[in-house]
Amino acid sequence: MAGCFAVDLAVVPGAARLALDGGSVPRRCLPWRDVNLSSVSGSILTDTKKPHFGQSFKPGAIPASQPSFKFGINYGTGLVAGVRSVESPLPDDATACNTRGNEWLMANRPADAIRAYDRAIALKPDYVDPYFNRGNALLRLQRNQDALASFDQAIALSPGLGLAHYNRGTVLQTLDRLPEAMESYRKVLVIDPANVQARFNLGCIHLQMKQFDETLECMDQVIERAPEIPEPHNNRGTALLRLGRYAEAVAAFSRALEINPQSAEAYSNRGEAQLQLRNLESALADVSRAIELRPQQGESRFLMGRLLREMKRYDEALQQFYLAQRLPAPLAMLQSEIVTAKVHGCIWQNLEEELLQLQQDIRARQPVLEPFSALSVFDQPALHKEIASRLVERDMPGSAALGAIPVRARGEKIRIGYYSADFRNHPSAYLIAELIEVHDRERFELFAFSVSPQVHDSMRERLVVAFDHFLDVRERTDLDIAQLSRELGIDIAVDLMGFTQATRLRCFSYRCAPVQVSYLAYPGTIGASYMDYVIADKVVIPPHAQADFTEKVVYLPHSYQVNDSQRKVADRTFSRDELGLPATGFVFCCFNNNFKILPPTFDGWMRILHAVEGSVLWLLEDNPIAARNLRREAQARGISADRLVFASRVPMDQHLARQRMADLFLDTLPYNAHTTASDALWVGLPVLTCSGQSFASRVAASLLHAVGLPELVTQTQSAFEARAIELARDVVQLRSIRDKLEEQGPQSPLFNARLFARHIESAYTTMVERAHQGLPPDVIEV
């Protein structure tokens, strides 16, 4: 095509905003734009390969690509830009009509240009130029489907016209027809392998489709040809971030900032990577700089709020979230972050209204709440399932990237893989440590897949010794972890994380093992077809509740929760005075994390304190903001603030010892005490609970049944309050319960790790046998 040149034609609507997993920040992407030539003379072939980048996308988002378009114009002689000739009849010569159309298009009269191109095509149907140029005029009018048809006609006449394939790709990208757009860009690269812009856009689509390894390959090739352009470095960092290669992501974003120190996007992105590495101060500096450069960028405000929430600066976090909320572009998951900050800081103003709005948004299929947060605020297992299933479908659907997974032959030890970020001093590790030690090594071989940061503490050392193989896979991608699991012949992959912090749930989407199991940390359904079983008991998941789980339920005979009977209690007797407790009076306590305390629970506690004169409520001081707010809320309910006593965090053995100074543990709803209930029962402290509808709201009931104290399980809030008041007033009855707990608790099934091991091993054996027989997962009762 003679006289073809590239022009930046800004006709694409603003980028859509879409969100990925895990509360991540919505981002947008503009692939680089072609060079915009302000003046062009006839018959000049402009360098269409010169790279010129526009705004990049940032990590955590599907890049809503806003590609630029090239269009070619064949100039004849006598072109005078801006000459108005619409009143004159069109020539009877196809070339002259094409030239007239070019003149009108350059004068921003696309409708007139289309009339001229149509005339040229009518005069000469095999003339490629007017088809191509007509496509660009249609783009000016945002008639993308018609433009696509014009480019297809140009390609039919001239299959080697790379510019037409490129434009076709950009239109398809805008129409969200991504596989077709990729094919168009690949054809451009066959015709012109050095076309960096097409390769960049192809990489953007790979990222949009969560094909992160392919994204890296494209961006590396772009950087090889254009190393001093910042955007591919930034986008390379995006892919590394999504692959969990956080240190490499920081390096990529740093390189982008070396090239362009004024890039708010790169600062924000690097802050996200630093946050994942738990380098909170570095993250704070980066995100602060991003906001300084672009104070109206909602994504950076959102990220700053998340960062401040991680630092337990909940008031400041809310300020950033509300600033982001007032900006014009909506941010998915923003309301989830607002609610999360509020419940962690016990900031309850307007919380009830916001929770009602969240429920409406969820039912309208909007991505507004993380699964773990949903467990904390809603006692609705069907809603939990809906939220989890949508997140999995959107961000971590099952993948066939590694192909079908074979079942290993019978006759060898069953290989169990346990996957966690919490093989360290952490509540989950406190529960599971003895199970690992007492597993039957004649029948089972145990593998730990640790994705936690490198730590050296007593629990980590204990677990390294307990497992047959302890694998540090924190730097591996999700795909790599799945591939390694297959190479090691894992028969059953047990996820100990679910949707909790630092989860690597996506590795299970590739199938780490023929059988995959959800257990312990996340008390709800994963909502994924690739998770086969969930370990439970008939208290936490009654048979009628199986419909709320996508997994098949494995019923253990006592409690689903394993416990370590080797937990040490400090050999120390605390005085009430040194703990801040009054010299006399009944001591109610709750050492659950503060985010589990919701207004209805707190209302009930305050009514109990009203009824039991001289009593106090002993709580964990998770953060000073929550403590301050809870004291204020108590006063608003007519209870003196000094009747709330807060306990700071201390080493576990001392925490267990000091609990003996309490009289009765009051549970929370809808998220019960889990490990904290086991702790209390282990030291002989009775736990009073109210059983709800969801798994998370029935855990304490499961523990109490297993320890032989079902009389401490209530079914309604009023019964809970009445029972607490009754026990506080009846010293003899409470003493009887404590004696019963001290006598039978240590010998109960709840604290018998060896018995638990035999039961779960029976379940594991049944799972593997079903897999050998080619049978699908089904409910298992041990």
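The model is predicted, so local features need pLDDT of at least 70 and side-chain atom pairs count only at pLDDT 80 or more, while totals for chains, interfaces and linings use all residues. Residues are numbered from 1 along each chain as its sequence is written, and side-chain values use heavy atoms, without hydrogens and water. Helices (H or I, at least four residues) and strands (E, at least two) are DSSP runs, numbered from the N terminus.

Helix 19 spans residues 427-438 and is mostly covered. Ten of its twelve residues are buried (under 20% relative accessible area; exposed is over 50%, partly exposed in between; 1.4 Å probe, protein chains only). Among them are Tyr430, Leu431, Ile432 and Glu434. The buried residues of helix 19 pack against strand 1, strand 2, helix 20 (458-466), helix 24 (652-658), helix 25 (675-682) and helix 29.

Helix 29 covers residues 753-772. Its 20 residues reach 28 Å from first to last C-alpha, close to the 28 Å expected at 1.5 Å a residue (1.5 Å times one less than the number of residues). Its buried residues include Phe756, His759, Ile760, Glu761, Tyr764 and Met767. Just after helix 29, Gly774 takes a positive phi of about 75 degrees.

The whole structure holds 23 aromatic pairs (rings of Phe, Tyr and Trp, the last by its six-membered ring, with centres within 6.5 Å; planes under 30 degrees apart are stacked, over 60 edge-to-face, the rest tilted). Tyr419 and Phe449 form a stacked pair, because their ring centres are 4.3 Å apart and their planes lie at 5 degrees. Tyr419 is in strand 1 (residues 414-420) and Phe449 in strand 2 (residues 444-450), so the pair ties together parts 30 residues apart in sequence. Both residues are buried. Elsewhere, ring pairs link Tyr519, Phe549, Tyr560, Phe695 and Phe756 into a cluster.

Charges also sit over rings (NZ of Lys or CZ of Arg within 6 Å of the ring centre and within 35 degrees of the ring normal). The charged end of Lys124 lies over Tyr127, 5.3 Å from the ring centre. Lys538 lies over the face of Tyr555 at 5.5 Å.

Gln717 lies in helix 27 (residues 717-729). Its relative accessibility is 27%, so Gln717 counts as partly exposed. Beyond neighbours within four places in sequence, Gln717 is in contact (heavy atoms within 4.5 Å) with Pro600, Gly604, Arg607 and Cys690. Leu669 is 48 residues from Gln717 in sequence and 9.3 Å away, C-alpha to C-alpha.
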